[in-house]
Every structure is written in C-alpha cells, then in structure tokens.
Amino acid sequence: MTVGSRIVFTRFVDGDSPKLQPWISHLRRTLRLDARTPTPITGDLESGAVVWQLISGNNRQLGRSARIYGTFESASEDARRIVEGGASLQVSFISEHLRGVYGWYATSEGEPAVTCSRWYETERDRARSIALALPSLSAAVLLPGTRLVDVTLMRGGS
C-alpha cells in the first residue's frame, strides 16, 4: 500500500501554548503581518488551538495552514475546502533580503490558505517547494483526529 500526501492536524492545549508560538511567528512573517494586524485565527483559542500541515508520502512537511483554528472541526472543514480547490490557488512569492531567504504563500478567493513549511536559501529551492506542494495538496487525504502537543507531557509531567 502506497502512502501519498496527507493533511495532518496538530492540537495545542490553548492559544498561549509555548509550542504554538513558533507557528504564529512563521505565519506572521510569511503573510507579512505588521504589529497592528491580528494573526489569522478562526474561533476562540481558550480551549485549544489547531493547525494543519501538508505532509508528503515520505513524511516531509510541504505546507502549513495559513490560519490557526479554535476547533478541529473548523480546521478540518477549511483544509477540506482548500484541498478541493487546490488547483485554483494563487501563489505569492516572498523574500527577506536581509536574511537571504525565500518563501511563498497561496491564497484561495483572495484569502491566505497555505504557507510554505519553512524558508528556503535559494529561489530554486522555493520553486521546487511550490512545484511539489501544490499537486500534493490537490491529492491530499485528510487524516481524522489530531495529535496533541502538550508541553507538560513533553517535560514528563503528569
């Protein structure tokens, strides 16, 4: 049985989780959000935060959700909509010249939908990333459920 691309969901204990902060930072930098612009959040994060990732058949992260969701249901619904409309995504190229890195994000109906999974050192690597991510997104399977990221469990707490 061959495993293809898939969407996996990660749940954080709440919106203040230290493990969520790198996601927020990457999202804000990728979408070029200034200090006055709020982070794209769907719902209330008090009882948890959910994000999704596009994963390749060989377990490489190819893309990330361009929003943070308050519930698994809203994350799953949005991911399903984006997968179904993957062929119509519009890609925007971004770069940070001072750091010498390149990235991208894609919009659906004018709204950010997917971001690059990381920053790339060359424009060629960015182009390869996009060439792999977009077809993989259109063929992705959504996995049920979430993986909990709980900082207390990771430290060996009870």
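This is a short chat about a predicted model.

Visitor: What should I know about the ground rules here?
Guide: In this predicted model, local features need pLDDT of at least 70, side-chain atom pairs count only at pLDDT 80 or more, and totals for chains, interfaces and linings use all residues. Residues are numbered from 1 along each chain as its sequence is written, and side-chain values use heavy atoms, with hydrogens and water left out.

Visitor: What pLDDT does the protein average?
Guide: The average is 88, and 90% of the residues score at least 70. pLDDT is the predictor's confidence in each residue, from 0 to 100.

Visitor: Where does pLDDT stay under 50?
Guide: Over residues 151-158. The model has five contacts for them beyond four places in sequence; a contact means heavy atoms within 4.5 Å.

Visitor: New topic. Where is P135?
Guide: P135 sits in helix 3, residues 123-138. Helices are DSSP runs of H or I, at least four residues, numbered from the N terminus.

Visitor: Why does P135 count as partly exposed?
Guide: Because its relative accessibility is 48%. Buried means under 20% relative accessible area, exposed over 50%, and partly exposed in between, with a 1.4 Å probe and protein chains only.

Visitor: How far apart are P135 and S5 in space?
Guide: They are 9.3 Å apart, C-alpha to C-alpha, yet 130 residues apart in sequence.

Visitor: And helix 2, which residues are buried there?
Guide: S74, A75, S76, D78, A79, I82 and V83. Helix 2 covers residues 72-84, which makes 13 residues.

Terms used:
Helix = DSSP H or I, 4+ residues; strand = E, 2+ residues; numbered from the N terminus. Expected span 1.5 Å × (residues − 1).
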